[in-house]
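Hi,

Here is the structure I said I would pass on.

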Amino acid sequence: MISVEKIGGTSMSAFDQVLHHIMLQDKSRIYGRIYVVSAYSGVTNQLLEHKKTGEPGIYALFANGQDYMVALANLADSLKAINAGFVSLGLPLDVANAFVDQRIAEAREHLNALRHVLASGYLNRKSVLLAAREILASIGESHSAFNSVEILKAQGVRAILKDLAGFHDSKAWTIDERIHHSFKDVGIANSVIVATGYTKGTEGIMREFDRGYSEVTFSKIAVEVRPDEAVIHKEFHLSSADPNIVGLANAVIVGATNYDVADQLADVGMEAIHPKASKPMEHAGIPIRLKNTFEPEHPGTLITKDYVGESARVEIITGSEQVTLVEIHDPHMVGTVGFDLGLVGILSRHNISYILKATNANSIVHLLWDKAVTPELIAELQAKYQVVTVKPCAIVCVIGSNIAIPGVLARAAQAMAEAKVNVNCISQTLRQVNMQFLVDREDYKPAIIALNRALCLPSRAFVPLGCE
């Protein structure tokens, strides 16, 4: 059996657990596995910016023309401190630290060259900054992959490093070409391969995917080698709701679902897998299994193309508090063909993809991520339309592969009413895999708790209304 397995940053930071619970747990299945590793937790934040707070990292210093040398030196110290934590697993500290010094020195050389190019004005500034972002991003994954191979070797495992960052070659390969050349002659069945989550390519993996690049590498490797199964190891199970909100005892492990449901999750920021990474695997018919690193015996959740629950069941309650409702009200809208075309054009010019859209005779609502709602966008809308309402809010979603039956919407609405949660807006398509509710931001957690209790807990297993 061949598997391609992605290991996230939080799991990588607990590498003793990864080593014993994943890599060495089944002695009969040590080989025939490709691990695509993320950087250790917090490293990419230090390199680029904090994923959640936006706190700037080394990239911002470079982009703003500030001194990034000290920050690079501090990064080297941070990476060496991480190395020291893995000595007990067999990591040769002198070898690992030498790798850090070499890679930081190479990055410094590349960034200095880019700084001079920026100063010359000969090349487009945006392209140069993207190149710097690519160089910096690659450091974290190269570091964690190198360490993983050295630790596996110390454990007597035949391990091969595939550093896809391409620091030491000048091949003008696309991402797909680099992955193809890297894996075409590798004996996967008789070895363990550790690949970097970052892949160098002429198109630039961050230009389109930015911080989702490690899952794109994972996907492309899977499509290249066609494993029996692709596995994503995270620090949690895919559950009916966030255990931090509903409590661990009330979070039901999903167990099985389909790619459509995975896309719904990604659309509101709860990425089981990046949608642009999942599509190639979906088309190739590769199943994805989501597993909890710290519960190795549990089979986790299997995502397949054609799965539909045998019985009606809401699988996941999720959403986000980081969204803003933008409503356009204009009496000229009613009966006007193509009225919303201009509105969509404005969103497109601002490079905005909306999450939800709802309309009536004179109003159109778009739900946008908070960061997309800029003063420039609102000013342009107000200059063109009669009334523009901007309201920070939250979205709560009821998702499942088999919820197209009478009663789900009614029970969801009843549950929120009983929790005194007012619904500001609702959306559902004919396919009926996702019911989306907009609520006040302070009602987000109460809504999640109420819906999980009413629709997902085994003691409240869903029965279509009229059949109780």
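**The second largest pocket**

The second largest pocket is lined by 20 residues, and those nearest its centre are E134, I135, Y198, K200 and G201. By pocket I mean an open set of points on a 1 Å grid over the protein atoms alone, with protein on both sides within 12 Å along at least five of seven lines; a lining residue has an atom within 4 Å of a point. Its volume is about 370 Å³, where volume is the space filled by probe spheres set on the points, with grid points joined across faces, edges and corners. Helix α7 (residues 125-154) gives the largest share of this lining, 4 residues. Sorted by class, the lining has 7 nonpolar, 7 polar and 6 charged residues. Here Ala, Val, Leu, Ile, Met, Phe, Trp, Tyr, Cys and Pro count as nonpolar, Asp, Glu, Lys and Arg as charged, and the others, Gly among them, as polar.

Before you go further: this is a predicted model, with local features needing pLDDT of at least 70 and side-chain atom pairs counting only at pLDDT 80 or more, while totals for chains, interfaces and linings use all residues. Residues are numbered from 1 along each chain as its sequence is written, and side-chain values use heavy atoms, leaving out hydrogens and water.

**The strands**

Helices (H or I, at least four residues) and strands (E, at least two) are DSSP runs, numbered from the N terminus. Two strands pair if DSSP finds at least two bridges between them. Strand β9 (residues 316-329) runs antiparallel to strand β12 (residues 387-399), and 12 bridges join them; I328 sits opposite V388 there. β12 is also joined to strand β14 (residues 434-439), by 6 bridges and again antiparallel, with I399 opposite N434.

β9 pairs with β11 as well, antiparallel over 7 bridges, and H329 has S363 as its bridge partner in β11. Strand β10 (residues 356-359) pairs with β11 in the antiparallel sense over 4 bridges, T359 being partnered with I364. A hairpin of 3 residues takes β10 into β11.

Is strand β11 (residues 363-369) largely enclosed or open? Largely enclosed by the rest of the structure, because 6 of its 7 residues are buried. Buried means under 20% relative accessible area, exposed over 50%, and partly exposed in between (1.4 Å probe, protein chains only).

**The cavity**

There is 1 cavity of 30 Å³ or more, a cavity being a set of grid points where a 1.4 Å probe fits but cannot get out. The largest cavity holds about 30 Å³ of space. V326, I328, L343, L347, H366 and L381 line it, with β9 and α14 (339-349) each supplying at least two of the lining residues. That makes 5 nonpolar, 1 polar and no charged residues.

**Helix α16**

In helix α16 (residues 408-418), the buried residues are V408, R411, A412, A415 and M416. They span an arc of only 130° around the axis, so they lie on the same side of α16; the arc is that of the directions from the helix axis to the C-beta atoms. A417 and E418 are exposed on the other side. Among the elements covering the buried residues are β12, β13 (423-427), β14 and α17 (444-455), where contact means heavy atoms within 4.5 Å. After α16 comes K420, which has a positive phi, near 60°.

Cheers
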